[in-house]
Amino acid sequence: MFKEERDTSQFHWGMIGDIAEGRPNLGATLDVAVYRLMQFTLRDVLIQQYDVATAERIYFQAGELAGRELFKNLITQKTDFSAFIKELQELLAALKIGILRVEKSDLEKQEFTFTVAEDLDCSGLPFSDETVCTYDEGFLSGLLLEFSGKKFDVKEVDCWCSGDRVCRFAVKPVV
Ligand SMILES: [Zn+2]
């Protein structure tokens, strides 16, 4: 599972396992602090061992893979864009990832502005001049890639960290 070398992804949803069977007493949820502890320590070590650019690239790619797998395994609305977004909003709220809204939408140009409130990765972090949700950029990009078959450039333009109350993502097709 994790001890085999690879050049392409070997991730599959089954790796997540049967949580109901494995955690009959503790259940399927955990404290957000634990998720952030894992994300941020891993990111810290990646920056130490490599550099910021490499850590950013790895986080984006991991987020993208997560978005693609989430789409394949949990999204049922795979053809109608509005139905897909509605299901995604409900799913992200149910999974407590965040509250997704479409702030701007130009279907002709396929350009969008998404916001995520109460974001799992950053809401409540100390103020800094950084937008930190690189994993989320990849995640949204992966979801859109699986839905449309096209690559989208997803850039976080506002973040809780940079002083906004929501994360705001500018989305446009890669040309
Ligand atoms: Zn953010």
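These entries record what I looked up on helix packing, a hairpin and salt bridges.

**Basis.** I worked on a predicted model, in which local features need pLDDT of at least 70, side-chain atom pairs count only at pLDDT 80 or more, and totals for chains, interfaces and linings use all residues. Numbering starts from 1 along each chain as its sequence is written, and side-chain values use heavy atoms, leaving out hydrogens and water.

**Helix pair.** I took helices (H or I, at least four residues) and strands (E, at least two) as DSSP runs, numbered from the N terminus. I looked up α3 (residues 52–74) against α5 (residues 134–148): the angle is about 40 degrees and the axes lie 6 Å apart. Axes are lines fitted to C-alpha atoms, for helices over the stretch in contact, with angles from 0 to 180 degrees between N-to-C directions. That angle makes α3 oblique to α5. Oblique is what remains after under 35 degrees (roughly parallel), over 145 (roughly antiparallel) and 65 to 115 (roughly perpendicular).

I then listed the contact (heavy atoms within 4.5 Å). From α3 the list includes Y59, F60 and F71; from α5 it includes Y135, F139 and L143.

Strands pair if DSSP finds at least two bridges between them. β1 (residues 99–106) and β2 (residues 111–117) run antiparallel, joined by 7 bridges. D106 has E111 in β2 as its bridge partner. The hairpin leaves 4 residues between the strands, and Q110 in the turn has a positive phi of about 55 degrees.

**Salt bridges.** I searched the whole structure and found 9. The criterion is a side-chain nitrogen of Lys or Arg within 4 Å of a carboxyl oxygen of Asp or Glu. I noted E64 with K151, closest N and O atoms 3.4 Å apart. E64 is in α3 and K151 in the loop between α5 and β3 (152–158), so the pair ties together parts 87 residues apart in sequence.
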